[in-house]
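Visitor: I would like to go through this structure by asking what stands behind each label. Please set every value against its cut-off.

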Amino acid sequence: MNKLPQIEISFLLTGQEDFLQEITDALLIKPSHIRRKQDYKYQEFADFMWELTTGKQESKSVDYQSAELLEKLSGKEKIIVQLLNSYKLKADLLVIIHAEIGDGPEINLSTDIIKFAAEIKAEMGFDIYFY
C-alpha cells in the first residue's frame with residue numbers, strides 16, 4: 001500500500017539584519033526555526049531567517065496545511081507588511097512535497113492563501129520530490 005504524500009508549508013521572513021526577536025515580538029508567534037548568518041557556511045550569501053512551518057504531515061491536499069498555517073497568521077497581515085517595510089525583509093511561502101511517483105497530492109491553493117500571499121507581497125515556491 002502506498003503511503004500518503006508528506007506535505008510541509010513554511011512562512012519565511014528573511015533579511016540582511018538580525019531582527020528575529022523583533023519579528024517574534026510583533027507577531028506574538030514563536031517561530032519553528034530561526035537561522036542567523038553565522039549558522040551558514042558561506043555567510044556572504046546568507047540571510048537571517050525567521051520560519052513558521054507546519055512540519056511534514058501526511059496529506060492528500062496542500063489545502064489542509066495551508067489552512068493550518070493561515071490559522072496562525074490570519075489577521076496579522078498589516079503587522080507583517082509593517083515588518084517587511086521597517087526592516088527591509090522578504091516574505092516567502094514554501095510548499096514542500098514528498099511523494100511516491102504516481103501518488104502525488106492535490107496541489108490546489110485556496111483563495112484565502114492566495115489573498116494572504118498577495119496582501120503581504122510574498123513569493124510562493126514549490127519543492128516537489130518524487131521517489
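Visitor: Why does Lys60 count as partly exposed?

Guide: Buried means under 20% relative accessible area and exposed over 50%, with partly exposed in between (1.4 Å probe, protein chains only). Lys60 has 36% relative accessibility, so Lys60 counts as partly exposed. This is a predicted model, in which local features need pLDDT of at least 70 and side-chain atom pairs count only at pLDDT 80 or more, while totals for chains, interfaces and linings use all residues. Residues are numbered from 1 along each chain as its sequence is written, and side-chain values use heavy atoms, with hydrogens and water left out.

Visitor: What makes the pair of Asp103 and Lys60 a salt bridge?

Guide: A salt bridge is a side-chain nitrogen of Lys or Arg within 4 Å of a carboxyl oxygen of Asp or Glu. The closest N and O atoms of Asp103 and Lys60 are 3.2 Å apart, and the pair forms a salt bridge. The two lie in distant parts of the chain, 43 residues apart: Asp103 in the loop between strand 5 (90-99) and helix 4 (111-119), Lys60 in the loop between strand 4 (57-58) and helix 2 (62-73). Helices (H or I, at least four residues) and strands (E, at least two) are DSSP runs, numbered from the N terminus. Asp103 is buried, because its relative accessible area is 17%.

Visitor: How many salt bridges does a search of the whole structure find?

Guide: The search finds 5. One of them joins the side chains of Arg36 and Asp18, with N to O at 3.1 Å. Arg36 is in the loop between strand 2 and strand 3 and Asp18 in the loop between strand 1 and helix 1, so this pair ties together parts that are 18 residues apart in sequence. Arg36, at 30% relative accessibility, is partly exposed, and so is Asp18, at 33%.

Visitor: What does the salt bridge between Glu123 and Lys90 tie together?

Guide: The closest N and O atoms of Glu123 and Lys90 are 3.5 Å apart. Glu123 lies in strand 6 (residues 123-130) and Lys90 in strand 5, so the pair ties together parts 33 residues apart in sequence.

Visitor: Why does Glu51 have no salt bridge?

Guide: Lys and Arg count as positive and Asp and Glu as negative, while His and the chain ends are not counted. The nearest side chain of opposite charge to the buried Glu51 is Arg35, 8.2 Å away. Glu51, in strand 3 (residues 48-53), does have a polar contact of 2.8 Å with the side chain of Ser10. A polar contact is a pair of N or O atoms within 3.5 Å; within protein, one must be able to donate a hydrogen and the other to accept it, and residues adjacent in sequence count only if both atoms are side-chain atoms.

Visitor: How do you know that the buried residues of helix 4 line one face?

Guide: These residues are Ile113, Phe116 and Ala117. They fall within an arc of 95° seen down the axis, so they line one face of helix 4; the arc is that of the directions from the helix axis to the C-beta atoms. On the other side of helix 4, Thr111, Lys115 and Ala118 are exposed.

Visitor: What puts the buried residues of helix 1 on the same side?

Guide: In helix 1 (residues 20-27), Leu20, Ile23, Thr24 and Leu27 are buried. They cover an arc of only 95° around the axis, which puts them on the same side of helix 1. They pack against strand 1 (6-15), strand 2 (33-35), strand 3 and helix 3 (77-87), where contact means heavy atoms within 4.5 Å.

Visitor: Which residues of the largest nonpolar core touch the most other members?

Guide: A nonpolar core is a set of buried Ala, Val, Leu, Ile, Met, Phe, Trp, Tyr and Cys residues joined through side-chain atoms within 4.5 Å. In the largest one, of 29 residues, Phe11, Leu13, Trp50 and Ile80 touch the most other members. Strand 5 supplies the largest share, 5 residues.
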